[in-house]
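Have the viewer open as you read.

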Amino acid sequence: MRIITGEYKGRRLYVPKDKYIRPTTDKVKEAIFSILAHKIEDSVVLDLFAGTGNLGLEALSRGASHCYFGDHSRTSLGLIRENIVHCGAEARSTVIPGDYKKVINMVKQPCDLIFLDPPYQRNMLTDCFQYLEEAGLLADDGIIVTEHGKKEPLPETIGAYKMVKERKYGTIVISMY
């Protein structure tokens with residue numbers, strides 16, 4: 001797994017030694033960032049369920065101004081911190097340990113991009129959307145990008161959020177609200 005383009009292009013990220021953390025593949029990541037190209041420059045990003053920090057670091061590499069990385073796993077938090085240092089992104093990164101509710105409550109500014117990639121088959125996405133809406137965390141023209149399994153379809157509308165794009169990559173689905 002590597003950073004595809006931008007300031008940190010080509011840097012290989014530290015990845016887990018086991019299968020408990022499921023990083024977004026380079027193919028899917030490239031598709032996501034191709035769609036979001038116009039939204040990244042100077043954006044504030046939240047990478048929730050960050051795992052390795054892969055998506056947030058790609059956003060920083062492409063010009064995001066700041067990224068909040070949230071995860072509750074000690075292993076993930078260690079990988080995120082290692083990868084931030086490896087990329088030299090400490091000044092533009094904030095790591096928040098805790099479950100998604102705690103992380104959402106700790107971010108104190110609107111986010112232009114929010115990445116949600118929770119563990120599959122746990123039905124957490126709808127609840128995440130509710131907490132994001134209650135916190136008012138998404139900027140007015142912001143986008144929420146979700147990665148989920150095709151066996152976990154998401155509705156066209158979740159609370160105040162309306163799906164604007166959906167792409168399928170084998171068993172992986174990317175839905176944008």
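Asp-26 has a relative accessible area of 23%, which makes this residue partly exposed (under 20% is buried, over 50% exposed, and partly exposed is in between, with a 1.4 Å probe and protein chains only). Keep in mind that this is a predicted model, where local features need pLDDT of at least 70 and side-chain atom pairs count only at pLDDT 80 or more, while totals for chains, interfaces and linings use all residues. Residues are numbered from 1 along each chain as its sequence is written, and side-chain values use heavy atoms, with hydrogens and water left out.

**Charged pairs**

Asp-26 has a salt-bridge partner in Lys-29, with the closest N and O atoms 3.9 Å apart. A salt bridge here is a side-chain nitrogen of Lys or Arg within 4 Å of a carboxyl oxygen of Asp or Glu. Both residues sit in helix H1, 3 residues apart, or about one turn of the helix. Helices (H or I, at least four residues) and strands (E, at least two) are DSSP runs, numbered from the N terminus. As a rule, an α-helix has 3.6 residues a turn, so residues three or four places apart point the same way. Lys-29 is buried, at 0% relative accessible area.

What else is paired up? The structure has 6 salt bridges. Three of them are set out here:

| Salt bridge | Closest N and O atoms |
|---|---|
| Glu-7 and Arg-92 | 3.2 Å |
| Asp-141 and Lys-39 | 3.6 Å |
| Lys-29 and Asp-26 | 3.9 Å |

Take Asp-141 and Lys-39, which form a salt bridge. This pair ties together distant parts of the chain, 102 residues apart: Asp-141 is in strand S5 (residues 138-149), and Lys-39 is in the loop between H1 and strand S1 (44-48). Asp-141 is exposed at 53% relative accessibility, whereas Lys-39 is buried at 13%. There's a network as well: salt bridges with shared partners join Arg-2, Asp-26, Lys-29, Glu-58 and Arg-62.

Glu-7 and Arg-92 make another salt bridge. That one also links distant parts of the chain, 85 residues apart, with Glu-7 in the segment before helix H1 (26-36) and Arg-92 in the loop between helix H3 (74-87) and strand S3 (93-97). Glu-7 is exposed, with a relative accessible area of 54%.

**A covered helix**

Phe-129 belongs to helix H5 (residues 125-135) and is buried at 1% relative accessibility. Which residues does Phe-129 touch, leaving aside neighbours within four places in sequence? The contacts (heavy atoms within 4.5 Å) are Leu-116, Ile-144, Thr-146, Ile-158, Tyr-161 and Tyr-177. For Ile-158, the C-alpha to C-alpha distance from Phe-129 is 6.9 Å, at 29 residues apart in sequence.

Ser-175, in strand S9 (residues 172-176), is buried too, with 0% relative accessible area. The Ser-175 side chain joins that of Glu-166 in a polar contact of 2.9 Å. Such a contact is a pair of N or O atoms within 3.5 Å; within protein, one must be able to donate a hydrogen and the other to accept it, and residues adjacent in sequence count only if both atoms are side-chain atoms. Beyond four places in sequence, Ser-175 contacts include Ile-144 and Thr-146, and Phe-129 touches both of these.

**Enclosed space**

On a 1 Å grid over the protein atoms alone, a cavity is a set of points where a 1.4 Å probe fits but cannot get out, and lining residues have an atom within 4 Å of a point. Grid points are joined across faces, edges and corners, and a volume is the space filled by probe spheres set on the points. There are 2 cavities of 30 Å³ or more. The largest has a volume of about 40 Å³, and strand S2 (66-71) and helix H4 (100-106) each supply at least two residues of its lining.

Notes: On a 1 Å grid over the protein atoms alone, a cavity is a set of points where a 1.4 Å probe fits but cannot get out, and a pocket is an open set with protein on both sides within 12 Å along at least five of seven lines; lining residues have an atom within 4 Å of a point.
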